[in-house]
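Visitor: Hi! Could you walk me through a few spots in this protein model?
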Amino acid sequence: MSLTLEAISVVDAIARRGSFAAAAAELGKVPSALTYTVRRIEEELDVLLFDRRGRRARLTPAGEELLGQGRLLLRAADDLACRVREVASGWEVELRISLDALVCFDRVRPMLDDFYRLGAPTRLRFGQEVLDGGWDALLTDRAELAIGVVHDAPAEVLAGGRFAMRPLGEVPFVWCVAPHHPLAGADEPIPADTLIRHRAVAVGSTARHLPPRSSGLLSGQDLLTVASFEQKIAVQVAGLGVGWVPEPFARPWLASGRLVAKEVEQPRPTTALRYAWRSGDRGKALAWWLERLEVARVRERLLAGPVSALDAEPTPGRRRVDPKPRTKAGAR
């Protein structure tokens with residue numbers, strides 16, 4: 001088959017230039033070479049690519065279809081060549097980053113601004129995970145970097161020694177309930193035998209291959225599982241369930257009175273998080289992100305919770321300052 005990338009380039013040049021002679025001059029070939037190439041394609045496909053009547057060579061409908069699809073192939077080939085050169089320069093073609101649900105993407109966006117100012121060729125792909133989902137993403141090659149994995153790594157992770165990890169920070173939790181929920185007026189600390197009679201709300205683990213683990217739940221308690229902390233808070237604000245909420249996420253709802261913090265008999269310890277990556281991976285893009293994560297202020301910002309409207313729209317000329325998360329004694 002003569003339908004090579006070079007042959008498509010010949011058809012493209014003729015279509016753009018309007019004649020075999022002009023295309024030959026652009027490509028540095030003699031016109032007869034282009035005529036031979038086009039004729040070979042036409043014979044093999046049993047179609048006419050150009051209407052040669054008149055002074056300009058015009059594409060036939062078949063020629064337009066071939067060139068339309070062929071140009072996609074030419075662009076793909078150019079992209080591939082660029083990617084190969086980029087890999088040779090040390091930049092990854094793509095860097096996949098897993099964010100735990102406790103890390104709000106709005107807190108990552110300033111890092112994106114800095115990364116793209118580098119002009120780096122690496123494509124970024126973000127995914128959100130919960131509980132052991134970050135470890136699972138690393139183990140199954142769905143991510144090269146996981147920001148916010150739980151502190152106690154599963155045995156499957158520790159066994160192979162394939163991963164490196166560093167502390168990210170700690171997130172306190174608050175046990176919350178809607179003010180109109182029956183438990184809002186309960187005496188504190190609320191015992192477990194009282195809690196178990198009320199529906200709990202939990203964010204489900206996204207791990208696909210690791211054994212499921214949960215945190216802060218009572219055995220035998222009715223459970224509603226949701227996909228995010230935003231969904232969890234919405235359900236609890238509606239009075240449809242109770243449970244532990246990350247303090248940075250709960251803060252505005254507690255301040256507005258739409259959630260009430262209560263002490264329970266079995267407090268939940270603060271959640272310690274890490275960031276982890278495969279120890280053998282060290283491309284330039286991953287190295288850049290790891291270098292940024294070494295900065296304490298960056299790590300604190302990542303765990304500061306959702307960005308408020310005031311944070312998202314800073315006053316012109318003034319530098320935005322992320323509020324420091326306030327903690328509640330005995331909460332996680």
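Guide: Happy to; we'll talk about a pair of helices, then a loop residue, then another helix.

Guide: One thing to keep in mind is that this is a predicted model.

Visitor: Okay, how do the axes of α1 and α3 cross?

Guide: The axes of helix α1 (residues 5-17) and helix α3 (residues 31-45) come within 10 Å, crossing at roughly 110°. That makes α1 roughly perpendicular to α3. The crossing of α1 past α3 is left-handed.

Visitor: And which residues meet there?

Guide: From α1 you have Ala7, Val10, Val11 and Ile14, and they meet Leu34, Thr37, Val38 and Ile41 in α3. The residues of this contact divide into 7 nonpolar, 1 polar and no charged.

Visitor: New topic: where does Leu183 lie?

Guide: Leu183 is in the loop between β7 and α8 (192-195).

Visitor: Is Leu183 buried or exposed?

Guide: Leu183 counts as buried, because its relative accessibility is 3% and the cut-off for buried is under 20%.

Visitor: What does Leu183 touch, leaving out residues up to four places away in sequence?

Guide: Its contacts include Trp175, Val177, Ile190 and His198. Val242 and Lys262 are also among them.

Visitor: Now α10, which of its residues are buried?

Guide: In helix α10 (residues 247-256), the buried ones are Glu247, Pro248, Phe249, Ala250 and Arg251.

Visitor: What do those buried residues pack against?

Guide: They pack against the strands β6 (163-171), β7 (173-177) and β10 (243-246), as well as helix α9 (229-237).

Visitor: And what follows α10?

Guide: Gly257 does, and its phi is positive, near 85°.

Definitions and conventions: Residues numbered from 1 in each chain as written. Predicted model: local features only at pLDDT ≥ 70, side-chain atom pairs only at ≥ 80, totals over all residues. Heavy atoms only, no water. Buried < 20%, exposed > 50% of the residue type's maximum accessible area, 1.4 Å probe, protein only. Helix = DSSP H or I, 4+ residues; strand = E, 2+ residues; numbered from the N terminus. Contact = heavy atoms within 4.5 Å. Axes fitted to C-alpha atoms, helices over the stretch in contact; angles between N-to-C directions. Parallel < 35°, antiparallel > 145°, perpendicular 65-115°, else oblique. Left-handed = near helix turned anticlockwise from the far one by under 90°. Nonpolar A, V, L, I, M, F, W, Y, C, P; charged D, E, K, R; others polar.
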